[in-house]
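Here are some notes on the structure you asked about.

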Amino acid sequence: MDSFSIVPTGKPLSGEVEISGAKNAVLATMTAAMLADGVTTITNVPYLRDTKTMSNVLRVIGCRIDGGPHEFKVDTHGANHLEAPYELVSTMRASFYVLGPLVSRFGRCRVSLPGGCAWGPRPVDLHLKGLEALGANIEVTHGYVEATSNGRLPGGNFRFPISSVGATVNVLMAATLAKGTSVLENAAIEPEIDSLVDLLLSMGVKIEGRGTRSLVVHGVEEMHPGFSETIPDRIEAGSFLCGAVISRGKVKTTKCDPIHIKSLLDIFEEMGCIVHTGKDWAEVDASSRDLKPVHVEAVPYPGFPTDLQAPLMAVLATVPGESKIRDTVYIDRFKHVAELNRLGANISLEGNTATIKGVEKLQGAPVMASDLRAAAALVIAGLVADGETRVSRIYHLDRGYENFEAKMAKLGGMVVRLSDQS
Ligand code: EPZ
């Protein structure tokens, strides 16, 4: 298993870094391709472990994935094995997104339940309730969801009791091939949902309410293949900007959408950084700034994202004074706290609130990544720690960051991959 060795250079990160396509957008658009018979083209695809896993899930179902690494031609003509096995779904929850397209297009499928994740239970009850509201029959047996529909799904209305990205993705896709009109209330409005809506519109369905919490889907008998240019990865952009601030540097992220990370940029300004943005770039300058502590809440978009909670916590561990981060989306997403404290941070937890008392200097140490964003946080902390930091289990990071070490090196960060053979 690979690990990272991070040796501080003593210099702040500086320069420009180009942002890749968004993992959480392309995982949805790849599955949406199955709503039509034929070849859907997806560009600006990030080259990640998770996009490879999704390709394997679609291949198991009978699709062909041509092209790559940054452009996929998803050919669904051969899709006839209507099952997503535990072996794949358990490694990547987003594989569960095949449920909506398969039951609405083929009238039946069998998809493994995803199971828990690194930081706790992540139920899919809203996915199932939403599909039932559209008229699907759902049975859960032996760890699998068996979904059937007697002919086309009738369609229906569903109100999500809480905002869920994944449930919105699954139910929205299923509604496109339903007989009637479906109204989805309190839908998630993350940019990844808009990018999915754009692909579905290009495949021939009428959807009203893009960008709002109320989506009206006018179901069609048949969709045709479509096209999607993957949106920039706002979480990757935010992670590199956290690297800039923790090292008191100045970094510009290009090929990104500053609107998608506005909540983070506002926090950096509140901390005392200088922030500039353009149409497709964002720059944060924390050089020679006395940074101030902040209180932050992770909430659904457009609020501060839970996926940047860990990287920002690493930054706040070095800011004098007392900061707080409360995660309202995942109340137990704090596995990185103990590892950051191993690096000399002073973070305490009470329920879903972390209190971070800034320390003068972090200390390098061996630490273990528990999940994707925790891995990024530990690397970012290692950039400014005294002495070497070793982060193990970085396979988590490879799931969602493309060319991470090379991009860090471009900014002056020294992150070296050590594989077991080396
Ligand atoms: C998506 O996960 C992202 N994953 C996550 O990013 C991200 O943390 C999350 O949205 C929140 O922004 C992908 O896009 C592939 P949710 P998802 O359904 O869809 C509860 C990363 O680091 N809930 O919006 O699984 C759930 O437990 C990953 O890239 C139910 O109770 O998240 C949570 O508390 C990690 N029942 C809340 O809703 C359900 O059926 C929001 O979850 C579904 C969700």
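1. A term first: a crossing of two helices is left-handed if the near helix is turned anticlockwise from the far one by less than a right angle, and right-handed if it is turned clockwise. By that definition, α8 and α12 cross in a right-handed way. Please keep in mind throughout that this is a predicted model.

2. Two packed helices are described by the angle between their axes and the distance between the axes. For α8 and α12 (residues 372-382), the angle is about 20° and the axes lie 9 Å apart. Angles under 35 degrees count as roughly parallel, so α8 is roughly parallel to α12.

3. Rolling a probe the size of a water molecule over the atoms shows where empty space is left. How many cavities of 30 Å³ or more are there? The count is two.

4. The largest cavity holds about 50 Å³ of space. Its lining consists of Val7, Pro8, Thr9, Lys11, Leu13, Ser247, Leu383, Gly412, Gly413 and Met414. By class, five of the lining residues of the largest cavity are nonpolar, four are polar and one is charged.

5. The second largest cavity holds about 40 Å³. Ala22, Lys23, Asn24, Glu192, Asp233, Arg234, Ile235 and Arg373 line this second cavity. Here the classes are two nonpolar, one polar and five charged.

6. Which helices each supply at least two residues of the lining of the second largest cavity? They are α1 (23-32) and α8 (234-246). The lining of this cavity also takes at least three residues from domain 1 (3-19 + 232-418) and at least three from domain 2 (23-229).

7. The lining of the second largest pocket is made up of nine nonpolar, five polar and five charged residues.

8. Now the backbone. Most residues other than glycine have a negative phi, and most peptide bonds are trans. The points below list exceptions to look up in the model.

9. The peptide bond from Gly68 to Pro69 is cis, with omega near -15°. Pro69 sits in the loop that runs between β4 (64-67) and β5 (72-75).

10. A cis peptide bond also joins Tyr301 to Pro302, where omega is near 10°. Where is Pro302? It lies in the loop between β18 (295-298) and α10 (309-316).

11. Lys255 is not a glycine, yet its phi is positive, at about 55°. Lys255 belongs to the loop between β15 (250-254) and α9 (262-271).

Note on methods: Residues are numbered from 1 along each chain as its sequence is written. This is a predicted model: local features need pLDDT of at least 70, side-chain atom pairs count only at pLDDT 80 or more; totals for chains, interfaces and linings use all residues. Side-chain values use heavy atoms; hydrogens and water are left out. On a 1 Å grid over the protein atoms alone, a cavity is a set of points where a 1.4 Å probe fits but cannot get out, and a pocket is an open set with protein on both sides within 12 Å along at least five of seven lines; lining residues have an atom within 4 Å of a point. Grid points are joined across faces, edges and corners, and a volume is the space filled by probe spheres set on the points. Ala, Val, Leu, Ile, Met, Phe, Trp, Tyr, Cys and Pro count as nonpolar, Asp, Glu, Lys and Arg as charged, and the others, Gly among them, as polar. Helices (H or I, at least four residues) and strands (E, at least two) are DSSP runs, numbered from the N terminus. Domain bounds come from an automatic or database domain assignment. Axes are lines fitted to C-alpha atoms, for helices over the stretch in contact, and angles run from 0 to 180 degrees between N-to-C directions. Angles under 35 degrees count as roughly parallel, over 145 as roughly antiparallel, 65 to 115 as roughly perpendicular and the rest as oblique.
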